[in-house]
Amino acid sequence: GEGMPKGSKKQWDGTGMEPVHIIYAAEEDSVAGVEASIRSIQAHASGPTKFYFVGDIPLPAMPEVHWFNLTETMQKYNIDDYMNRNTTRKNRRRDSINVYRSDYVRFALDRLMMNQRKAMYIDVDTIVLCDVYSLINGVLNENDDDIAIAAVPRTAVGRKESMNHVIQGLMPGGGEAAGSLRKSFNAGIYVVDLAKWRNLELSETMRQLALKNRQEKLYRAGWQPLMNVVIGDKFQEIPVTWDRNPENYGNKANNKLKKADKGETRRGRNWRTKEYEEICALHYKGVEKPWQGVGPMPQEWLPYGHAVK
């Protein structure tokens, strides 16, 4: 149903363990990705998990997942203000990312989830191969009022590499706004302390920057540079294994899910190496998505989802 479940902040399951909270947002054509990601989390979690989904319709195969209506959420929290009108859908990867309405729901998590202290936001194109229960419970436990999220870091390497290399989408004016930062993060997978986020008024600061960007063109793309510039280096680092790109491991060309179903797909050269086995999250960041039947490393995605015709 619509709206946040009522009750105390601590909601216990039958084991006596407090669940961790994971939220997704997606357009209808990406629902298969959400359901696969949830199944992958359930397969590896050591404790109870509670899932939330912001979309046009509830998840068809998962009625137990708490649903927020996407259109109503957009209107209620003025999420259109965060959207980058300088961005259009194009074939090129760098211009086509972060353009969907659902991408911007992350700026309303502090208001959608008023009863929770911590939550994990995960992009729909992610398969999780480690324990999110331990991860969420193990971060953001310090009394540091300036740290509201835990995420995988991006670091500038070498003297010549500036934040323009680390914050994707910065325009010349945006580089000035980012200052001398040498570290940033990927905002596709992160844990957020919702109370600290509210106290720091991060959503409003980001909204003001997004509106300013419409006039001054500080960044292209969508929500990623917006979060990076405002939060800067004030985040807790989580291991880089929580944001691995399958394109770095498998064969990108002609790696069809249809072939994988028949066991015919060639495995990437790093398959079964120590580096591969330590991957905690496969983030299918490219334009091609596994539920479309294309893209690298379908053999990891297939146990949790299926191609949509």
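Modeller: Keep in mind that this is a predicted model. Let's begin with a salt bridge that aspartate 193 makes.

Biologist: Which residue forms a salt bridge with aspartate 193, and how far apart are the closest N and O atoms?
Modeller: The pair links distant parts of the chain, 76 residues apart: aspartate 193 sits in strand 7 (residues 183–193), and its partner is in the loop between helix 4 (109–112) and strand 4 (118–122). That partner is arginine 117, and the closest N and O atoms are 2.8 Å apart.

Biologist: Is aspartate 193 buried or exposed?
Modeller: The cut-off for buried is under 20% relative accessible area. Aspartate 193 has 2%, whereas arginine 117 has 40% and counts as partly exposed. So aspartate 193 is buried.

Biologist: How far along helix 1 are arginine 39 and glutamate 35 from each other?
Modeller: These two form a salt bridge as well, with the closest N and O atoms 3.9 Å apart. An α-helix has 3.6 residues a turn, so residues three or four places apart point the same way. Arginine 39 and glutamate 35 are 4 residues apart in helix 1 (residues 31–44), so their separation is about one helical turn.

Biologist: How many residues of strand 1 are buried?
Modeller: In a regular strand the side chains alternate between the two faces of the sheet. Here Val20, Ile22 and Tyr24 point one way from strand 1, while His21, Ile23 and Ala25 point the other way, and all are buried. For strand 1 (residues 20–25), the count is 6 of 6.

Biologist: Which residue in strand 2 is the bridge partner of tyrosine 24?
Modeller: Strand 1 and strand 2 (residues 49–55) run parallel, with 6 bridges joining them. Within strand 2, the partner of tyrosine 24 is phenylalanine 53.

Biologist: What charge does the surface patch with Asp145 carry?
Modeller: Aspartate 145 lies in the loop between helix 5 (132–138) and strand 6 (149–155). Its relative accessible area is 58%, so aspartate 145 is exposed. Glu142, Asp144, Asp145 and Asp146 gather there on the surface, and the patch's charge is negative.

Notes
Residues numbered from 1 in each chain as written. Predicted model: local features only at pLDDT ≥ 70, side-chain atom pairs only at ≥ 80, totals over all residues. Heavy atoms only, no water. Patch = residues over 30% accessible without salt bridge, like charges linked within 9 Å, V, L, I, M, F, W, Y side chains within 5 Å. Areas by Shrake-Rupley, 256 points an atom, 1.4 Å probe, with all protein chains shown as cover. Salt bridge = Lys/Arg side-chain N within 4 Å of Asp/Glu carboxyl O. Lys, Arg positive; Asp, Glu negative; His and termini not counted. Charge placed at Lys NZ, Arg CZ, Asp CG, Glu CD. Helix = DSSP H or I, 4+ residues; strand = E, 2+ residues; numbered from the N terminus. Buried < 20%, exposed > 50% of the residue type's maximum accessible area, 1.4 Å probe, protein only. Pairing = 2+ DSSP bridges.
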